[in-house]
Amino acid sequence: MSNNKQRTLDYRYLRMAKIWAENSYCKRRKVGALVVKDQMIISDGYNGTPSGFDNVCEDSRDLTLPYVLHAEANAITKLARSSNNSDGSTLYVTASPCIECAKLIIQAGIKRVVYAEKYRLEDGVALLQRAGIEVIYLNDNKEDNGTEEN
């Protein structure tokens, strides 16, 4: 696949992850993630509470509750309950991964991470790079003009 076509797809999947983030009940920050393999979405996730918990992410002081799952963790753990395999896949996420999610990404065999927003801590990105994972920051404010090479 040409670099231009890949870049076009990267922007499209990031936009889809941003839309998926709208499903989050978290007030402070909504994050979405998609796992893509062979141009197919094999998993998705957004930040929120574990299954069966109330959809409340913050406490009375507006601090994130400690059991809230990150979008990447939700997408990766959803794969564990499916017949899909994430080896060699790409993770699209609206915010850069934290160190804990970076460990899950490495263990899941994901080979590329494309993200749209930088987080204040960069230790997750550094760990991914140390593990040889291709990490790409794409400014989500840039518009995709829809052109691509065939």
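**Helix packing around H3**

So, H2 passes H3 in a left-handed crossing. Before I go on, keep in mind that this is a predicted model.

Okay, the helices themselves. H2 covers residues 71-80 and H3 covers residues 99-107. Their axes sit 9 Å apart, and the packing angle is about 25 degrees. Angles under 35 degrees count as roughly parallel, so H2 is roughly parallel to H3.

Who touches whom here? On the H2 side we have Glu72, Ala73 and Ile76, and they meet Cys101, Leu104 and Ile105 in H3. Sorted by class, this H2 and H3 contact has five nonpolar residues, one charged and no polar ones.

Now the other pair, H3 with H4, where H4 is residues 123-130. How do the axes of H3 and H4 cross? They cross at roughly 25 degrees and come within 7 Å. With the cut-off for roughly parallel being under 35 degrees, H3 is therefore roughly parallel to H4. The handedness of the H3 and H4 crossing is right-handed.

Which residues in H3 meet H4? That would be Ile99, Ala102, Lys103, Ile105 and Ile106. Across from them, H4 brings in Asp123, Gly124, Leu127 and Leu128. By class, the contact of H3 with H4 has six nonpolar residues, two charged and one polar.

If you have the structure open, have a look at Ile105 in H3. Ile105 is listed in the contact with H2, and Ile105 is also listed in the contact with H4.

To wrap up: H2 and H3 make a left-handed crossing, whereas H3 and H4 make a right-handed one.

How values were computed: Residues are numbered from 1 along each chain as its sequence is written. This is a predicted model: local features need pLDDT of at least 70, side-chain atom pairs count only at pLDDT 80 or more; totals for chains, interfaces and linings use all residues. Side-chain values use heavy atoms; hydrogens and water are left out. Axes are lines fitted to C-alpha atoms, for helices over the stretch in contact, and angles run from 0 to 180 degrees between N-to-C directions. Helices (H or I, at least four residues) and strands (E, at least two) are DSSP runs, numbered from the N terminus. Angles under 35 degrees count as roughly parallel, over 145 as roughly antiparallel, 65 to 115 as roughly perpendicular and the rest as oblique. A crossing is left-handed if the near helix is turned anticlockwise from the far one by less than a right angle, and right-handed if clockwise. Contact means heavy atoms within 4.5 Å. Ala, Val, Leu, Ile, Met, Phe, Trp, Tyr, Cys and Pro count as nonpolar, Asp, Glu, Lys and Arg as charged, and the others, Gly among them, as polar.
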